[in-house]
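Here is a short walk through one protein structure. Keep the sequence and the 3D view side by side as you read.

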Amino acid sequence: MDAIEIAGGKPLHGEVKISGSKNATLPQIAASLLAPGTSIFRGVPELADIRTLGRLLVHMGARVDREGGTLRVDASAVAKPEATYELVKTMRASVLVLGPLVTRFGRARVSLPGGCAIGARPIDQHLKGLEALGAKIELSHGYVEAKADRLRGATILFDLPTVTGTENLMMAAALADGRSILENCAREPEVIALAEALNAMGGRIAGAGTSVITIDGVDALRPMDVEVIPDRIEAGTLLMAAMITGGDVLVRGAKADHLDAAIAKLREAGAKITPESDGLRVIAPQKPTAVDFITAPFPGFPTDLQAQLMACLSVAKGASRVVETVFENRFMHVQELSRMGADIAIDGHTAVVRGVTRLSGAPVMATDLRASASLVLAGLRAEGTTTVQRVYHLDRGYEALEAKLQALGANIRRVKA
Ligand code: UD1
């Protein structure tokens, strides 16, 4: 297994460009199942999760071709509306095919994703919604089996805002008979991007980005041709990489309105952040100031940036309190950060981070996607060499992260297994 080796201590300087958003691309690719013909996606990041979804679609009978950043999916010949355990177990977001399959083909068989490192992450809200739209759902042998003639519009109130749940039901309702109203929806920019893609396919969706989304079902959709939005989590991670090293970096493609909560916290911690024509420039202090933060659904502080900001705060002046409210087990980076000299105490969903003078490089183990990023950030600041093992977690969601950091002056390289 590959590892990433970092010799820390160099402030980052220069410009870096953000890749396309993983979490926006995945549901859009799943939505290509809604229409026969070839959908085209431009600016698609080269990531393990995107390849996994591609394999899933090929298994169903779709044709998937990639040329540079352009991905084409021809869903005309899909004959087997099924997502097997082998593929779903490596990526929870595979559940996004459920809504499109059942609404277009009247049946779907999708493996239950099961637990994952950061928590139980059930899909009860997805299933409850599909049932409300008239699907018959059975769970057997670890699979969700969904059947329906034509789905029919309904009003669905989510118990809590779920990103992929909102996306799944938007897709299912797009071809249902009549109007659906989804309440207490996730308001993430990726949900808006999916609604725009569905509307480009001929769908009739209004309200995405607010907590109530209205979908007027149509009889058929056509393929889409879309440009993927920039990855706000990658952008936030790079802003924080500049922050932890005391650097000065222009993050091109970063959108301020996608990153309000993160920008506010970085400013509170002493960074100067200014919007420029096509991105955000961050000038970081030598040492951050401690800040408290709590993760929450958008527009709150994203759970996907919690570990990275915590790494920054591990070398701050003072003590910070971090509360994780979205996932129940998302502090796994803490143990590894502690091995690098961080002083962090966990009590349930709260972590208290007491800033230390220095971190020291160490061999550390990545446990999930965003935790790996936080370890890379800590390595950039630490004295001596840090080796982050199990980088396949990082490769699921960051395109060429080490090359981007290298271009900003970091002493970082991938060590092939
Ligand atoms: C998406 C993102 C992920 C991000 C997360 C929260 C994608 C592909 N992934 O994941 O990067 O960390 O949003 O911003 O977009 N829940 C239920 N029942 C359900 C569904 C969710 O209880 O049926 C709970 C989850 O366990 C969690 C919370 O709702 O506690 C939010 O999860 P959700 O928004 O669904 O996360 P994902 O869509 O899986």
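Start with I263, which counts as buried because its relative accessibility is 6%; buried means under 20% relative accessible area, exposed over 50%, and partly exposed in between, with a 1.4 Å probe and protein chains only. The model is predicted: local features need pLDDT of at least 70, side-chain atom pairs count only at pLDDT 80 or more, and totals for chains, interfaces and linings use all residues. Residues are numbered from 1 along each chain as its sequence is written, and side-chain values use heavy atoms, with hydrogens and water left out.

Where does I263 sit? I263 is found in helix α9. Helices (H or I, at least four residues) and strands (E, at least two) are DSSP runs, numbered from the N terminus. Leaving aside neighbours within four places in sequence, I263 is in contact with A256, I273 and L280. Contact means heavy atoms within 4.5 Å.

Now take in the whole helix. α9 covers residues 260–268, and its buried residues are A261, A262, I263, K265 and L266. What do they pack against? The buried residues of α9 pack against helices α8 (232–245) and α10 (306–313) and against strands β16 (272–276), β17 (279–283) and β18 (293–294). After α9 comes G270, with a positive phi near 110°.

From I263, look across to F301. The two are 38 residues apart in sequence, and their C-alpha atoms are 9.6 Å apart in space. F301 is buried, with a relative accessible area of 4%. F293 also counts as buried, at 4% relative accessibility.

How is a pair of aromatic rings described? The distance of the centres and the angle of the planes describe it. The structure holds 1 aromatic pair. F293 and F301 form this tilted pair, 4.5 Å centre to centre with 50° between the planes. Rings of Phe, Tyr and Trp (its six-membered ring) pair if their centres lie within 6.5 Å; planes under 30 degrees apart count as stacked, over 60 as edge-to-face and the rest as tilted.

Finally, turn to two other helices. The axes of α1 (residues 22–31) and α2 (residues 48–60) come within 10 Å and cross at roughly 5°. Therefore α1 and α2 are roughly parallel to each other, a term for angles under 35 degrees; over 145 is roughly antiparallel, 65 to 115 roughly perpendicular and the rest oblique. On α1, the contact is made by K22, T25, L26, I29 and A30; on α2, by D49, I50, L53 and L57.

How values were computed:
Axes fitted to C-alpha atoms, helices over the stretch in contact; angles between N-to-C directions.
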